[in-house]
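This briefing looks at how the parts of one protein are arranged and how they meet. Please keep the sequence and the structure in view while reading.

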Amino acid sequence: MSLSLITSDDCSISRRLSWLLRHGAQKVDIFISDEGFIKVHDILRHQSFKDITLEDILRVVSNNDKQRFSVRKNPGNGELEIKANQGHTISLNNLKLLEIPLITSYTEVIHGTYYSCWKAIKKEGLRRMKRMHIHFAKDLNSISGIRKNCQVLIYVDIKLALKDGYKFFESENQVILCPGNINGLLPKDYFLKVIDFKTNCPLSY
């Protein structure tokens with residue numbers, strides 16, 4: 001992905017930051033901590049981001065409707081840092097996530113997907129693919145976790161999966177995350193129901 005080819009409006013800045021913080025920091029030689037933070041001044045001085053300012057970054061973080069990013073002052077040196085709250089393919093050892101306990105108020109979580117992916121999911125279950133986690137929303141009113149244009153909704157029995165030893169976490173922007181099993185898979189045994197998002201009609205699996 002060539003970051004320099006994307007225009008500098010807020011949506012493009014958000015996409016560029018998402019790519020950098022979730023997937024690309026190491027590819028463009030920008031240091032990312034085990035917690036997923038990058039120094040803002042490292043971003044601003046990189047040639048791929050020379051067209052944006054600190055004010056642009058802070059505005060995009062503040063206005064992002066899915067709360068994809070978090071900004072902080074480093075507790076050690078006071079430098080301003082930014083991270084993506086979830087969605088990483090970069091392996092991070094200390095990403096701050098809240099582990100969901102076995103006894104939880106959640107009974108189901110929802111994964112949104114597309115018909116182009118449904119055939120493979122129907123065969124074996126959900127995979128995290130290149131990411132660290134499979135993503136879920138707590139409900140259809142959640143601010144993040146399901147894309148608005150998804151076509152298929154998969155409801156998962158989180159209580160049963162937790163009972164069987166699967167780990168679930170909640171990100172700072174309230175996305176539910178599951179790494180799956182050793183192969184990155186959450187089998188379809190844990191599906192409660194699958195429906196077409198537009199028509200609400202059930203799909204067989």
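Which elements of the protein have the lowest and the highest mean pLDDT? In this predicted model, helix H1 (residues 10–24) has the lowest mean pLDDT among the elements, at 91, whereas strand E8 (residues 152–156) has the highest, at 98.

**Confidence**

- Taken over the protein, the pLDDT averages 90, and 96% of the residues score at least 70.
- Residues 1–7 have a pLDDT below 50, and in the model this stretch has 13 contacts beyond near neighbours in sequence.

**Domains and the area between them**

- The protein is divided into domain 1, covering residues 8–84, and domain 2, covering residues 98–196, and the C-alpha centres of these two domains lie 27 Å apart.
- Where the domains meet, seven residues of domain 1 are in contact with seven residues of domain 2.
- The size of an interface is often given as the accessible area lost when the parts come together.
- For domain 1 and domain 2 the buried area is about 620 Å², and carbon and sulfur atoms give 34% of that area.
- On the side of domain 1, the residues that lose the most area to domain 2 are Asp 65, Lys 66 and Gln 67, which together account for 63% of what that side buries.

**Polar and charged pairing across the interface**

- One salt bridge is found across the interface of domain 1 and domain 2, and five residue pairs, with both residues at pLDDT 80 or more, are in polar contact across that interface.
- The side of domain 1 that touches domain 2 is made up of five charged residues, two polar residues and no nonpolar residues.
- Lys 83 and Glu 172 form a salt bridge in which the closest N and O atoms are 2.8 Å apart.

**Salt bridges in the whole structure**

- The structure holds eleven salt bridges, including one between Asp 10 and Arg 59, whose closest N and O atoms are 2.7 Å apart.
- The pair of Asp 10 and Arg 59 links distant parts of the chain, 49 residues apart, with Asp 10 placed in helix H1 and Arg 59 in helix H3 (residues 54–63).

Note on methods
Residues numbered from 1 in each chain as written. Predicted model: local features only at pLDDT ≥ 70, side-chain atom pairs only at ≥ 80, totals over all residues. Heavy atoms only, no water. Domains from an automatic or database assignment. Contact = heavy atoms within 4.5 Å. Buried area = accessible area lost by both parts, 1.4 Å probe. Salt bridge = Lys/Arg side-chain N within 4 Å of Asp/Glu carboxyl O. Polar contact = N/O pair within 3.5 Å; in protein donor to acceptor, adjacent residues only side chain to side chain. Nonpolar A, V, L, I, M, F, W, Y, C, P; charged D, E, K, R; others polar. pLDDT = per-residue confidence, 0-100. Helix = DSSP H or I, 4+ residues; strand = E, 2+ residues; numbered from the N terminus.
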